[in-house]
Amino acid sequence: MKIRTASCSCGQLSAKVSGDPIRVSICHCYACQRRTGSVFGAQARFPRDAVEVIGKGTDFVRVGDEGGRFKFTFCPTCGSTVFYVKEGGEEHVAIPVGAFAESGFPAPSFSVYEERMHSWVVVPKAIEHMP
Ligand SMILES: [Zn+2]
Ligand SMILES: [Zn+2]
C-alpha cells in the first residue's frame, strides 16, 4: 500500500497515511482562503484508521456556515495545518493536499463553494461542481 507523509513547514508535526485518499476536493470559501493563505483549499480525506499522527499539534475549532464544527490541528511552532476533522465525522481525517509536497498526488474530483472562486482560477473540466 502506498504510504505518504503530510508535514508542517518545520517538520515537527506530520501525518503518515496509508492508501489513497477516499475523496479529494478543492474549496473556494473564504475560510479556506484565510486558513491556507492561498486562493482555494485543496484537501484529501482518509479513513481515520489510515492516519498516524506524529508530533504535537494545537487545535482550533471553526464553526462553518451550516453550523458544522471543524477541528483543525496545526503545528504550534510553524503554524501549518496538518489535518482536520469534522465533529461528528471523526471516522474521517482531512489533510491539506499541499502538506504532502507531492506533485503527482491524486487530482480533486469535487470543487466546492465556486461562488467565492477567484475569476482567474480554472478548475479541471471533469470535476464535479458543488455549491
Ligand atoms: Zn511545524
Ligand atoms: Zn472551504
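Guide: Let's start at Tyr-113, which sits in the loop between β10 and β11 (128–130); strands here are DSSP runs of E with at least two residues, helices are runs of H or I with at least four, and both are numbered from the N terminus. Tyr-113 isn't a glycine, yet its phi is positive, at about 65°. Most residues other than glycine have a negative phi. Ala-101 is another non-glycine with a positive phi, near 45°. That alanine belongs to the loop between β9 (92–96) and β10 (110–112). Ala-101 counts as exposed because its relative accessible area is 72%; exposed means over 50%, buried means under 20%, and partly exposed is in between, using a 1.4 Å probe and protein chains only.

Some ground rules before we move on: this is a predicted model, so local features need pLDDT of at least 70 and side-chain atom pairs count only at pLDDT 80 or more, while totals for chains, interfaces and linings use all residues. Residues are numbered from 1 along each chain as its sequence is written, chains are lettered from A and ligands numbered from 1 in the order in which they are written, and side-chain values use heavy atoms, with hydrogens and water left out.

Now to the metals. The zinc ion (ligand 1) is held by the SG atoms of Cys-8, Cys-10, Cys-75 and Cys-78, 2.3 to 2.4 Å away. A donor is an N, O or S atom within 2.8 Å of the metal (3.2 Å for Na, K and Ca), and water is not among the atoms, so sites may look incomplete. The angles among those 4 donor atoms run from 106 to 118°, making the site tetrahedral; for four donors, that label requires all angles to lie between 85 and 135 degrees. The ideal tetrahedral angle is 109.5 degrees. Along the sequence, the donors of ligand 1 read C-x1-C-x64-C-x2-C.

Setting aside neighbours within four places in sequence, Ser-9 is in contact (heavy atoms within 4.5 Å) with Cys-78 and Ser-80. With Ser-80 there is a polar contact, side chain to side chain, at 3.0 Å. Such a contact is a pair of N or O atoms within 3.5 Å; within protein, one must be able to donate a hydrogen and the other to accept it, and residues adjacent in sequence count only if both atoms are side-chain atoms. Ser-9 and Ala-99 are 90 residues apart along the chain, yet their C-alpha atoms are 8.2 Å apart.

The other zinc ion (ligand 2) has the SG atoms of Cys-27, Cys-29 and Cys-32 as its protein donors, at 2.1 to 2.3 Å. Their spacing is C-x1-C-x2-C. Cys-29 counts as buried, at 9% relative accessibility, and so does Cys-32, at 6%.

Beyond four places in sequence, Gln-33 touches His-28, Ser-38, Val-39, Phe-40, Arg-116 and His-118.

Stepping back, the chain has 1 helix and 11 strands, arranged in sequence as β-β-β-α-β-β-β-β-β-β-β-β. Its radius of gyration is 14 Å, which agrees with the value near 14 Å for a compact globule of 131 residues; that radius is taken over C-alpha atoms, and the globule rule is 2.2 Å times the number of residues to the power 0.38. The C-alpha trace spans about 40 × 30 × 30 Å along its principal axes. Of the 131 residues, 39% count as buried. As for contacts between residues at least 6 apart in sequence, 52% join residues at least 24 apart.

Notes:
Tetrahedral: all angles 85-135°; square planar, octahedral: opposite > 155°, others 65-115°.
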